[in-house]
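This report goes through one protein chain, from single residues to the chain as a whole. Please keep the sequence and the 3D view open while reading.

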Amino acid sequence: MVTGYLESYAFWLLLGLALLLSEFFFPGLIAVFFGLGALLVGGLTLIGLVEGLAWQLLLFSLFSLGTLWLLRRRFQRWLRGGESGLAQADADDAGLLGMRVSVLADFADGVGDVQLNGAKWDAESDEPLKQGETAWVVSHSGIVLRVSATRPSAN
């Protein structure tokens with residue numbers, strides 16, 4: 001009886017839907033491909049092209065692994081966005097470039113402290129900056145800001 005139920009199109013369609021729904025609760029972009037494989041096997045079983053558990057399992061494996069191998073990269077890019085080149089395209093990943101800062105202490109040997117959004121930051125500058133002056137962030141390396149007395153031009 002269990003074998004008969006496993007061979008039915010309803011089992012494969014329900015399995016496919018369950019796998020597709022599981023992707024919402026446990027995202028990883030893998031279950032969706034097994035869900036597609038199960039839906040394909042269920043559809044082929046429904047129209048009578050596939051009979052027997054052995055063929056269904058073989059096709060399920062081939063469809064699932066085939067779609068996983070062929071489409072996963074494309075689906076990731078589509079669902080998560082093309083962020084692979086984001087760091088190269090937008091060096092200001094922290095939103096700091098062009099921000100105005102206040103110099104907290106005179107810069108000595110090109111190093112000093114600035115205040116940005118109420119927080120104290122370590123900073124570097126090629127210019128002699130004095131306490132109380134205003135400067136602008138031109139780049140950053142981790143948590144160290146590179147600042148300039150000249151306001152950067154807006155692109």
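W136 lies in strand β4, which covers residues 134-141. Helices (H or I, at least four residues) and strands (E, at least two) are DSSP runs, numbered from the N terminus. The model is a predicted one: local features need pLDDT of at least 70, side-chain atom pairs count only at pLDDT 80 or more, and totals for chains, interfaces and linings use all residues. Residues are numbered from 1 along each chain as its sequence is written, and side-chain values use heavy atoms, with hydrogens and water left out.

**Around W136**

W136 counts as buried because its relative accessibility is 13%. Buried means under 20% relative accessible area, exposed means over 50%, and partly exposed is in between (1.4 Å probe, protein chains only). Leaving aside residues up to four places away in sequence, W136 touches G98, M99, R100 and V101, as well as a run of residues that includes R146, V147 and S148. Contact here means heavy atoms within 4.5 Å. W136 and L96 are 40 residues apart along the chain, and their C-alpha atoms are separated by 9.3 Å.

**D122 and D113**

D122 is in strand β3 (residues 119-124), while D113 is in strand β2 (residues 111-116). Among the residues that D122 touches are D113, I143 and L145. In turn, the contacts of D113 include S102, F107, K120 and W121. The side chains of D113 and K120 are also joined by a polar contact of 3.5 Å. A polar contact is a pair of N or O atoms within 3.5 Å; within protein, one must be able to donate a hydrogen and the other to accept it, and residues adjacent in sequence count only if both atoms are side-chain atoms.

How far apart are the end C-alpha atoms of α3? They are 22 Å apart, which agrees with the span of 22 Å that its 16 residues should have at 1.5 Å a residue. The expected span is 1.5 Å times one less than the number of residues in the helix. The buried residues of α3 include F33, G37, V41 and T45. An α-helix has 3.6 residues a turn, so residues three or four places apart point the same way. L46 belongs to α3 too, a helix of residues 31-46. Just after α3, G48 takes a positive phi of about 90 degrees.

S64 is found in helix α4 (residues 53-80). Its contacts, not counting residues up to four places away in sequence, are F33, F34 and G37.

The table sets out accessibility for three of the residues named so far.

| Residue | Relative accessible area | Class |
|---|---|---|
| S64 | 0% | buried |
| D122 | 41% | partly exposed |
| L46 | 48% | partly exposed |

**The whole chain**

The protein chain has five helices and five strands, in the order α-α-α-α-α-β-β-β-β-β from the N terminus on. Of its 155 residues, 25% are buried. Among contacts between residues at least 6 apart in sequence, 43% join residues at least 24 apart. The accessible surface comes to about 10500 Å², and 61% of this belongs to carbon and sulfur atoms. Such areas come from the Shrake-Rupley method with a 1.4 Å probe; for residues, only the protein chains shown count as cover.
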